[in-house]
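Dear colleague,

I am passing on the structure we spoke about, and below it I have set out what was found there. Please have it open beside this message as you read.

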Amino acid sequence: MKEDFDVVVIGSGPAGYVAAIRAAQLGLKTACIDKRESVGGTCLNVGCIPSKTLLHASESYFKMKKEGKSLGILSDALSFDWDLMQERKGKVIQGLNEGVLGLFKKNKVTRIVGEASFESPQLLKVGDKSISSRFFIIATGSEPTPLPFLPFDEEKVLSSTGALSIKKIPKRLAVIGAGVIGVELGSVFQRLGSQVTFIEFMDRICPQFDPALSNSLQESLTKQGMEFWLSTKVTSAALIPDLELSVSLKDGTSKKLQADAVLVAVGRKPLTRGLNLDKIGISINPQGLISVDGNFKTSQPHILAIGDVIDGPMLAHKASEEGVAAAELCAGLTPSIQYLTIPNVIYTHPEVASVGFTENELTQRNIPFSSGTYPFKGNSRARCTGEDEGFIKVLVDKKTDKVLGVHMIGAHSSELIAEATLSLGQKSEEVAHLCHAHPTLAESFKEALLSIHKKAIHK
Ligand SMILES: Cc1cc2nc3c(=O)[nH]c(=O)nc-3n(C[C@H](O)[C@H](O)[C@H](O)COP(=O)(O)OP(=O)(O)OC[C@H]3O[C@@H](n4cnc5c(N)ncnc54)[C@H](O)[C@@H]3O)c2cc1C
């Protein structure tokens, strides 16, 4: 059976499903293929959504347990049910899956379930179907990277996927890698009773963030009971009779860590297995990423690649922006993406969020900058809710006063970063004079901007 389309998207993650909807909106006959039974890719099934659902449930429990009394809420018999948390997670995923399917139907995107593989640059095979198209968009995403001596068994040795669906909360959880996924999932388990120990090769956690944010986050998580072994490398592991990791420290000494389970969160690798890219002459770089030009074109110009499978931060919103742009390119439009305005968030408590340049990046580029900070302790809304940990830091160009970067740690930073994103490239003094509702956390952003001009009122 042969089918013909204008655009065929391989992968229905946030890159692929968004590309498919946009292409269909632009009047192109579009199909979206995924080997998963459910749409939404890593993000919806085993990534952003299940992790944020469990972060919310575990945080609600932890807060009531630790802070209920101070809020005047007494609940001596507070407990949690992991199975019910899992059930709710399943329902949230299912609801969003159905939402994407509804959008496919509304926009007339043909959905195909099965593993896609190129027969030739013009022809794709999915089971017994042959599919031809004017354009193909590869959006096959990424998968967790295992350690060579510690393959995932999803019982004792967990990937993020296994950790999100683990049957029982482990008493002692080792987490290899204190990056974003590690600290988010580590937080879930610590709140629900695990003793969590991170082993991190670098000398600070979440190293892509401003050092002040990394250090402050580590302090908060340590107060919550998590332990961090930094500048430490796991050298070997034994699984029998019990899980034991051998680690080597910066000073050359070694020690051992016993745990009931280990989450390996050392990064993700692009997923191109099975696509037959070598057969059709599409090149892959040494990191396994598909090489593309500025218009997402591979070495076959009618085959584009987007999302986690190409270079750039492995983030759902970056993938979706590329999905829209790739679809518009197929329709003959000329879209552009402002990569510098892509925010980066950690959904721990407190949350961390960042957009634009960091201090280190500005120093490396010899761009003179001024900075303004404001602590949430000075914010009345933060005092009402008891969430007054953290601060906002704004970096502006010394010559032009344009906002170059915003970095924050504190409750709801994932939401506050949207205003910061809008302010990039604007004059900080002008943004500072916008009226903000009171009492809101967003007033802290205004105060941080005002402090650059020595005009902060509450500082
Ligand atoms: C635990 C966790 C938490 C995360 N949290 C966040 C977050 O809070 N915010 C954020 O921005 N990002 C987060 N991410 C990252 C985010 O999930 C990814 O960046 C995003 O899903 C990438 O989208 P994508 O469409 O490129 O690929 P994916 O979402 O990986 O989708 C690719 C799809 O392609 C399919 N596929 C692969 N090969 C084939 C083939 N040959 N044929 C057919 N189908 C195929 C796969 O089945 C998959 O469904 C998280 C990731 C994890 C693991």
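Leaving aside residues up to four places away in sequence, H349 touches E59, K63, R191, L221, Q224, E387 and A411. Please bear in mind throughout that this is a predicted model. H349 itself is found in the loop that runs between β18 (344-346) and β19 (351-356), and its relative accessibility is 15%, which is under the 20% cut-off, so H349 counts as buried.

The next point concerns two helices, α3 (residues 48-71) and α4 (residues 82-107), whose axes come within 9 Å and cross at roughly 140°. The two helices are therefore oblique to each other, and their crossing is right-handed. On the side of α3, the residues that take part in the contact are I49, P50, T53, L54, H56, A57 and S58, and in α4 they meet W82, M85, Q86, R88, K89, V92, I93 and L96. Sorted by class, this contact of α3 with α4 has nine nonpolar residues, four polar ones and two charged ones.

Turning to the aromatic rings, a search of the whole structure finds four aromatic pairs, and two of them are described here.

In the pair formed by Y61 and F80, the ring centres are 5.0 Å apart and the planes stand at 65°, which is over the 60 degrees required, so the pair is edge-to-face. This pair links distant parts of the chain, since Y61 belongs to helix α3 while F80 lies in the loop between α3 and α4, 19 residues apart. Y61, at 13% relative accessibility, counts as buried, whereas F80, with a relative accessible area of 28%, is partly exposed.

The other pair, formed by W82 and F189, is tilted, with 5.8 Å from centre to centre and 50° between the planes. Here too distant parts of the chain are linked, with W82 in helix α4 and F189 in helix α6 (residues 180-191), 107 residues apart. Both W82 and F189 are buried.

How values were computed. Residues are numbered from 1 along each chain as its sequence is written. This is a predicted model: local features need pLDDT of at least 70, side-chain atom pairs count only at pLDDT 80 or more; totals for chains, interfaces and linings use all residues. Side-chain values use heavy atoms; hydrogens and water are left out. Axes are lines fitted to C-alpha atoms, for helices over the stretch in contact, and angles run from 0 to 180 degrees between N-to-C directions. Helices (H or I, at least four residues) and strands (E, at least two) are DSSP runs, numbered from the N terminus. Angles under 35 degrees count as roughly parallel, over 145 as roughly antiparallel, 65 to 115 as roughly perpendicular and the rest as oblique. A crossing is left-handed if the near helix is turned anticlockwise from the far one by less than a right angle, and right-handed if clockwise. Contact means heavy atoms within 4.5 Å. Ala, Val, Leu, Ile, Met, Phe, Trp, Tyr, Cys and Pro count as nonpolar, Asp, Glu, Lys and Arg as charged, and the others, Gly among them, as polar. Rings of Phe, Tyr and Trp (its six-membered ring) pair if their centres lie within 6.5 Å; planes under 30 degrees apart count as stacked, over 60 as edge-to-face and the rest as tilted. Buried means under 20% relative accessible area, exposed over 50%, partly exposed in between (1.4 Å probe, protein chains only).
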